[in-house]
Amino acid sequence: MEIRPSITVGNEVCIDQYLCHRSSHCHTKHQCMDLCLMGVFVLVKGDGVYPERSQLCCMCFLCHEFCPVQAITVRWTLRA
Ligand code: SF4
Ligand code: SF4
């Protein structure tokens with residue numbers, strides 16, 4: 001019998017900081033933070049939004065669809 005390592009399914013939320021900060025009509029309002037009901041995003045000193053609590057993401061993709069510059073990526077991750 002072949003024994004295989006267990007695989008853990010997780011998720012990952014990333015923000016392309018270059019695209020985000022380049023967006024003059026959005027990033028200062030941080031609208032993606034308000035949209036996320038799971039509290040994934042935090043505002044770091046200055047004007048940066050970061051997905052600090054990525055593990056709380058429920059994969060609704062609202063932030064991804066909302067961001068006007070497509071700076072947010074949400075994806076499944078597999079770890080052996
Ligand atoms: S919606 Fe997009 S551009 Fe606006 S703060 Fe969020 S990641 Fe940055
Ligand atoms: S996909 Fe949904 S839950 Fe995940 S970070 Fe975006 S808005 Fe929040």
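Biologist: Is L78 buried or exposed?

Modeller: L78 counts as exposed because its relative accessibility is 64%, where exposed means over 50% relative accessible area, buried under 20% and partly exposed in between, with a 1.4 Å probe and protein chains only. This is a predicted model, in which local features need pLDDT of at least 70, side-chain atom pairs count only at pLDDT 80 or more, and totals for chains, interfaces and linings use all residues. Residues are numbered from 1 along each chain as its sequence is written, and side-chain values use heavy atoms, leaving out hydrogens and water.

Biologist: Where is the place of L78?

Modeller: L78 sits in strand β4, residues 72–79, a strand being a DSSP run of E with at least two residues, numbered from the N terminus.

Biologist: OK, salt bridges: what does R75 pair with?

Modeller: R75 forms a salt bridge with E12, and their closest N and O atoms are 2.8 Å apart; the term asks for a side-chain nitrogen of Lys or Arg within 4 Å of a carboxyl oxygen of Asp or Glu. R75 lies in β4 and E12 in strand β1 (residues 8–15), so the pair ties together parts that are 63 residues apart in sequence.

Biologist: And how accessible is E12?

Modeller: E12 counts as partly exposed, because its relative accessibility is 27%, and R75 is also partly exposed, at 40%.

Biologist: Last topic, then: which residues is I15 in contact with, leaving aside neighbours within four places in sequence?

Modeller: With those neighbours left aside, I15 is in contact (heavy atoms within 4.5 Å) with C20, F41, V49, Y50, P51, A71 and I72.

Note on methods:
Chains lettered and ligands numbered in written order. Helix = DSSP H or I, 4+ residues; strand = E, 2+ residues; numbered from the N terminus.
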